[in-house]
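Subject: Structure handover

Hello,

Here is the structure for you to look through. Please open it first, then read the notes below.

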Amino acid sequence: MQPYSCDTFVALPPATVGNRVIFGKNSDRLFDEVQEVIYFPAAVHSDLEKRLKCTYIEVDQVPETYAVVLSRPAWLWGAEMGANEHGVCIGNEAIWGREDISKEEALLGMDLVRLGLERADTAEKALNVIVDLLGKYGQGGNCAEGEEFSYYNSFLIADRNEAWILETSGKFWAAEKVQGVRNISNQFSITTKIDREHPDMRNYAKQRGWWDGKEEFDFAAAYSYTDTATMMTSPSRYCQGHKLLNKHKGNITYETMVEILRDRPSGINMKGEFLTTASMVSILPQDPSLPCIHLLTGTPHPER
C-alpha cells in the first residue's frame, strides 16, 4: 500500500485576518472507507476502576472528559481530526522513518487524537496527554479495516492562542511550537527547532548510529530518511502545502484554508486508492467571548 495520506495546516495571527487561528485538514483514507462526523458530550466518570476501551486496548479513565466533535473512520474508536468545547483542534498524519513500525496492538494515532481532545483544554496540555499516553501504552496496530496498514504519527495541535507540531517514532518524540504558518504531511518535518522532546530521544539516536553527537541535532534527519536540505524544494505535498500557506500569509481566512484543501495540482485534494474522504476547517478567535466554528464535510471531494 502506498504511504500517502492526509495534510494538516494551521495559520496564526498575524498570518491570518481578524485575530483568528485557522486550522484545516484533509483526511486521506482508503477510497471505500466511511468517515462519520460524531459528537460526544462532556462527561464525569466516577468509577475510575472501569477502564476505557479504545480501538484495540484499554487505558485508565480520567475523572472528567470534555465535549468533542470528531471526524472518524466508522470502524474505530478514535478520530482522524476533531475539536473540543475549549477550542482545541487536533489532526494526525501517518509517518514512516528508520524505526520499524510496531504491529503489536496498542494505541492508534487516531485514538491519541480523541484522547487529547477529551482530556485537555489547551493545545500544550493535549500534547502532554498524548506523550504521557504514548509513554505508558505505546502506539501500534493495524490502521485500516481489512488491509494491513501501520504507521507512526505526527500531530498538529491548535487552540485559540497557539499551535504545536508533535512528531513520534515509537515512544520517542519531538515537538515544535508553531510561529506564523505550518503544515504537516506524511513525512518528518521537525528539524533543528525543537521546543520539547523525549528525554532519551537524542541518546537513542546516537546509540542507533543516526546521529554522531557532534553535529547540530536534526530530528527529521536522524529519525527518518528525509533529506532535510532539499525538504522545502521537493515536489512533495508537504512542500506544496508550505508554498500555498506562505502565498497567502498575512491574509489567511477560512476561505483560504478551504481553497488549499480543494487544491488538486498539489495532490492535497487526493484522488485514487487513497482519497480525501473528509475535510475539516476550524476558526478559532483569540477573543474568548467569540465562539469557535468548525466546518466538517464527512464526505469525499472537497472541491464540491
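Is His301 buried, partly exposed or exposed? His301 is partly exposed, with a relative accessible area of 27%. Buried means under 20% relative accessible area, exposed means over 50%, and partly exposed lies in between, using a 1.4 Å probe and protein chains only. His301 sits in the segment after S17. Its phi is positive, about 60°, although His301 is not a glycine.

Some ground rules. This is a predicted model, in which local features need pLDDT of at least 70 and side-chain atom pairs count only at pLDDT 80 or more, while totals for chains, interfaces and linings use all residues. Residues are numbered from 1 along each chain as its sequence is written, and side-chain values use heavy atoms, with hydrogens and water left out.

The labels H and S stand for helices (H or I, at least four residues) and strands (E, at least two), which are DSSP runs numbered from the N terminus. Two strands pair if DSSP finds at least two bridges between them.

**The sheet of 8 strands**

This sheet is open and antiparallel, in the order S3-S8-S9-S10-S11-S12-S13-S15. Strand S3 (35–40) and strand S15 (196–197) stand at the edges with a single partner strand each, so one side of each has no neighbour in the sheet.

Look at S9 next. Both of its faces are covered. Met81 and Ala83 are buried on one side, and Gly82 and Asn84 are buried on the other. S9 pairs with S8 in the antiparallel sense over 4 bridges. There, Gly82 in S9 is the bridge partner of Leu70. S9 also pairs with S10, again antiparallel, over 3 bridges. Here Met81 has Gly91 in S10 as its bridge partner. The hairpin of S9 and S10 has 4 residues between the strands, and Gly87 takes a positive phi near 80° in this hairpin.

Further along, strand S12 (residues 163–169) and strand S13 (residues 172–177) form an antiparallel pair over 6 bridges. Ile165 stands opposite Glu176 in S13.

Two helices go with this sheet. Helix H2 (residues 123–137) packs on the sheet and touches S10, S11, S12, S13 and S15. Contact means heavy atoms within 4.5 Å. The direction of H2 makes about 10° with that of S12. Helix H1 (residues 109–119) lies across S3, S8, S9, S10 and S11, running at about 165° to S10. For such angles, axes are lines fitted to C-alpha atoms, for helices over the stretch in contact, and angles run from 0 to 180 degrees between N-to-C directions.

**The sheet of 5 strands**

This sheet is also open, and the pairing is antiparallel, in the order S14-S1-S2-S16-S17. Strand S14 (181–184) and S17 are at the edges, each with a single partner strand, so one side of each is left without a neighbour in the sheet. The twist averages 10° from one strand to the next.

Strand S1 (residues 7–11) pairs with strand S2 (residues 20–30) in the antiparallel sense over 5 bridges. Thr8 stands opposite Lys25 in S2. The loop between S1 and S2 holds Pro14. The peptide bond from Pro13 to Pro14 is cis, with omega near 10°. Asn19 is in the loop between S1 and S2 too. Asn19 has a positive phi, near 55°, and is not a glycine. It counts as exposed, at 52% relative accessibility.

**Pocket and cavity**

Both were found on a 1 Å grid over the protein atoms alone: a cavity is a set of points where a 1.4 Å probe fits but cannot get out, a pocket is an open set with protein on both sides within 12 Å along at least five of seven lines, and lining residues have an atom within 4 Å of a point. Grid points are joined across faces, edges and corners, and a volume is the space filled by probe spheres set on the points.

The largest pocket holds about 200 Å³ of space. Its lining has 14 residues, with Val258, Arg262, Ser279, Thr297 and Pro302 nearest the centre. S16 gives the largest share of that lining, 3 residues.

The whole structure has 1 cavity of 30 Å³ or more. The largest cavity has a volume of about 40 Å³. Its lining includes Ser5, Asp28, Glu93 and Tyr151. The largest share, 3 residues, comes from S10.

Best wishes
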